[in-house]
Amino acid sequence: MSETGNRLRKLLESPNFDPQSYVKQLSQQSDGDRDLQEHRQKIQNLADETAQNLKKNVYKNYRQFIETAKEISYLESEMYQLSHILTEQKSIMESITQALLSADKDETSKEMQAAFPKETEELKQRTLTSLLEKVEGAENIMDTPGRHLVYNGDLGEFDVDNMAHIQKVHAFLMNDCLLIATWLPSRKDKVKYKYNALYDLESFAVVNVKDNPPMKDMFKILMFPDSRIFQAENSKVKKEWLEILEATKKNKASKDKHKKEEAAPTSPVRAEVSTNPFDVDDEPAEECASLSPEWIQELPEDLDVCIAQRDFEGAVDLLDKLSEYLKEQPASPKVKELRAKVDERVWQLTEVLVFELSPDRSLRGGPKATRRAVSQLVRLGQSTKACELFLKNRAAAVQTAIRQLRIEGATLLYIHKLCNIFFTSLLETAKEFEMDFAGNTGCYSAFVVWSRAAMTMFVDAFSKQVFDSKESLSTAAECVKVAKEHCQQLTDIGLDLTFTLQSLLVKDIKAALQSYKDIIIEATKHRNSEEMWRRMNLMTPEALTKLKEEMHSCGISFQQYTGDDCWVNLSYTIVAFTKQMMSFLEEGLKLYFPELHMVLLESLREIILVAVQHVDYSLRCEQDPEKKVFVLQNASFLHDTALPVVERRFEEAVGKPAKQLRDLRKSTRSVRVNPESTTSLV
């Protein structure tokens with residue numbers, strides 16, 4: 001930059017620069033319009049130079065910008081996972097705190113009960129009696145000695161199948177059973193409820209129901225073969241019901257066990273047969289001893305810890321260890337109770353793994369990011385669910401990647417990017433699927449179905465950009481060629497989707513061929529209407545050389561039709577038609593597959609027929625002998641040179657005979673045999 005330009009730059013970059021003062025001073029110092037124009041040009045040059053420098057800096061740091069954006073996205077995903085882990089840790093701490101508080105409450109109640117056992121028992125029985133007076137049909141409930149009230153409250157009952165509200169009930173939890181009474185809103189006396197059902201505490205299991213708004217604060221009671229769902233007033237009441245039900249069931253089970261142990265030494269039958277090795281009554285003692293290892297006693301709590309810490313592998317290892325251990329154990333009540341507890345943890349673990357594979361989670365990381373959750377679901381025997389969730393996750397990832405691809409620049413460039421993204425994702429998904437489900441051959445059919453659905457999604461984006469935007473046939477042919485080449489790469493892993501791709505594209509390609517055929521026919525007819533049957537003059541040797549090269553690249557021997565200087569012994573109409581016909585043939589062969597065989601043949605036949613009819617008509621109508629000879633020369637070029645090349649090129653590329661083209665060429669022979677004929681060729 002010159003010294004004047006440097007001074008101008010420093011002046012404009014000065015922090016104290018005042019545009020108004022600068023313009024005013026410049027106007028006063030200038031001699032006229034010419035000085036102002038020169039100064040304006042200097043400022044414009046400086047602006048252009050600054051813009052170029054900015055572009056260079058952007059291009060220089062472009063890769064750093066891209067890498068920084070990727071790092072930001074990865075950090076965002078990691079922060080989301082960290083937030084999720086912290087939330088889970090918080091919930092664990094809250095549950096531990098509540099457990100400790102409930103334990104303190106239990107100890108206080110035990111102390112109070114030890115201090116006033118009789119009064120507490122009598123008070124609970126009186127309370128139960130007063131409450132049962134309000135229940136119609138519950139007169140015999142108090143006949144069982146020692147029965148007292150533990151907890152009660154209003155609940156809403158819902159249908160298990162469609163989650164529709166059924167009725168309002170009142171539940172009475174006693175130390176050995178659960179009473180369900182329905183609400184009687186029409187009664188005016190003290191009776192407010194009607195007896196509905198009475199369940200022994202050992203005859204049912206309590207299961208928490210996950211909140212799914214608006215259905216929340218629910219729990220399920222399982223009584224083989226039926227079940228019932230109840231809704232508490234709020235989450236606090238639901239938690240109290242679950243905790244008190246579980247504690248009451250445990251208390252009853254421990255009391256029953258204690259009674260059996262006290263009764264066992266006084267039983268004479270037990271003492272008499274205790275030395276018999278084949279005695280069946282010895283089995284409970286053996287079963288009790290079989291579950292004595294410390295790791296089995298702590299297994300449910302260990303599973304909770306593994307799930308909370310997202311140690312999925314450790315949790316499944318514990319389950320496999322337990323399953324192996326219990327193979328040789330008889331189905332005793334304690335084993336059944338342990339299995340029930342473990343099954344609940346398995347359900348929780350499955351839910352967490354399902355959430356890990358849901359499309360709502362971050363889709364970054366590719367198929368390998370799902371391997372951990374998928375492998376553990378397969379080990380849990382959930383291969384079908386793992387396969388379904390894995391494919392849904394990958395479908396969402398592919399769809400997101402296609403949607404985020406910007407439509408910019410040339411169509412062919414966009415198609416290159418689209419094919420690279422889609423087929424690379426499909427290839428990675430196939431390899432990961434084969435690795436994760438190697439021992440589950442039944443899942444492979446699901447992957448084939450998913451691949452076809454994914455290919456449909458790809459073709460929709462492909463056709464929207466290539467065919468709906470009315471691109472030229474040459475551009476469409478190049479785009480289809482790129483898609484075929486990428487699809488062919490899948491055969492390396494044994495996945496051939498070429499037929500699927502062709503069947504999905506056949507409709508659009510057929511429409512494109514017919515549309516371009518109509519354009520060529522209309523252009524040919526327009527040129528025919530202006531035909532003067534004169535030799536073609538290319539004006540320059542360069543233009544003649546270029547035309548020879550074009551015809552040679554099409555396989556047409558053109559040397560014999562060139563004259564002196566820049567003349568061509570053919571009409572402009574025939575030369576232009578030949579170039580368009582050969583271009584259509586080459587582009588059509590790039591798009592070719594068996595389903596389009598007749599479409600391409602008929603299109604070529606219709607295009608050639610227009611030129612043949614025009615030559616035939618001119619031969620019959622032309623009166624000038626010299627022009628008639630020239631028309632015959634053009635007809636000979638079509639029959640002896642152009643059409644055989646089209647026929648041979650088609651058969652070489654397709655591998656099938658072009659019968660329609662051969663028949664059409666044979667029908668034009670009458671032109672050479674009897675040029676004076678007034679009979680139409682067609």
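Which helix holds Phe65? Phe65 lies in helix H4, which covers residues 62-115. The model in view is a predicted one.

**The chain as a whole**

The protein chain has 682 residues, and buried residues make up 36% of them. Its secondary structure comes to 24 helices and ten strands. The accessible surface of the chain is about 40700 Å². Carbon and sulfur atoms hold 53% of that surface.

How confident is the predictor? The mean pLDDT of the protein chain is 79. A value of 70 or more is reached by 86% of the residues. Over residues 266-289, however, the pLDDT is below 50. Beyond near neighbours in sequence, that stretch has ten contacts in the model. Residues 670-682 also stay under 50 in pLDDT. For residues 670-682 the model has 23 contacts beyond four places in sequence.

**A nonpolar patch**

Back to Phe65. Together with Val58 and Tyr59, Phe65 makes a nonpolar surface patch of about 350 Å². Is Phe65 buried, exposed or partly exposed? Phe65 has a relative accessible area of 48%, so it counts as partly exposed. The cut-off explains the label: exposed means over 50%, and buried means under 20%.

**Salt bridges**

Side chains of opposite charge can pair when their charged atoms come close. How many salt bridges does the model hold? The count comes to 17 salt bridges. Three of them are listed here.

| Asp176 | Arg147 | 3.0 Å |

Start with the salt bridge between Asp176 and Arg147. This pair links distant parts of the chain, 29 residues apart. Asp176 sits in the loop between strand S3 (165-174) and strand S4 (177-183). Arg147 sits in the loop between strand S1 (135-136) and strand S2 (149-158). Both Asp176 and Arg147 are buried.

Glu550 is partly exposed, because its relative accessibility is 27%. Lys579 is partly exposed as well, with a relative accessible area of 36%.

Salt bridges can also share partners. Glu202, Lys252 and Asp256 are joined into one network in this way.

Thr573 has a relative accessible area of 5%, so it is buried. What does Thr573 touch, leaving aside its neighbours within four places in sequence? Thr573 is in contact with Arg527, Asn528 and Glu531.

Ile307 has its place in helix H10, residues 299-308. Ile307 counts as buried because its relative accessibility is 11%. Not counting residues up to four places away in sequence, Ile307 touches Arg345, Gln348, Leu349 and Val352. Now compare sequence with space for Ile307 and Thr350. They are 43 residues apart in sequence. In space, they are 9.9 Å apart, C-alpha to C-alpha.

**Cysteines**

How many disulfides does the structure hold? The structure holds zero disulfides. Two cysteines can still be placed by their accessibility. Cys177 is buried, since its relative accessibility is 3%. Cys306 is buried too, at 12% relative accessibility.

Methods. Residues are numbered from 1 along each chain as its sequence is written. This is a predicted model: local features need pLDDT of at least 70, side-chain atom pairs count only at pLDDT 80 or more; totals for chains, interfaces and linings use all residues. Side-chain values use heavy atoms; hydrogens and water are left out. Patches are made of residues with over 30% relative accessible area and no salt bridge: like charges are joined within 9 Å, nonpolar side chains (Val, Leu, Ile, Met, Phe, Trp, Tyr) within 5 Å. Accessible areas come from the Shrake-Rupley method with a 1.4 Å probe; for residues, only the protein chains shown count as cover. A salt bridge is a side-chain nitrogen of Lys or Arg within 4 Å of a carboxyl oxygen of Asp or Glu. Helices (H or I, at least four residues) and strands (E, at least two) are DSSP runs, numbered from the N terminus. Buried means under 20% relative accessible area, exposed over 50%, partly exposed in between (1.4 Å probe, protein chains only). Contact means heavy atoms within 4.5 Å. A disulfide is a pair of cysteine sulfur atoms within 2.5 Å. pLDDT is the predictor's confidence in each residue, from 0 to 100.
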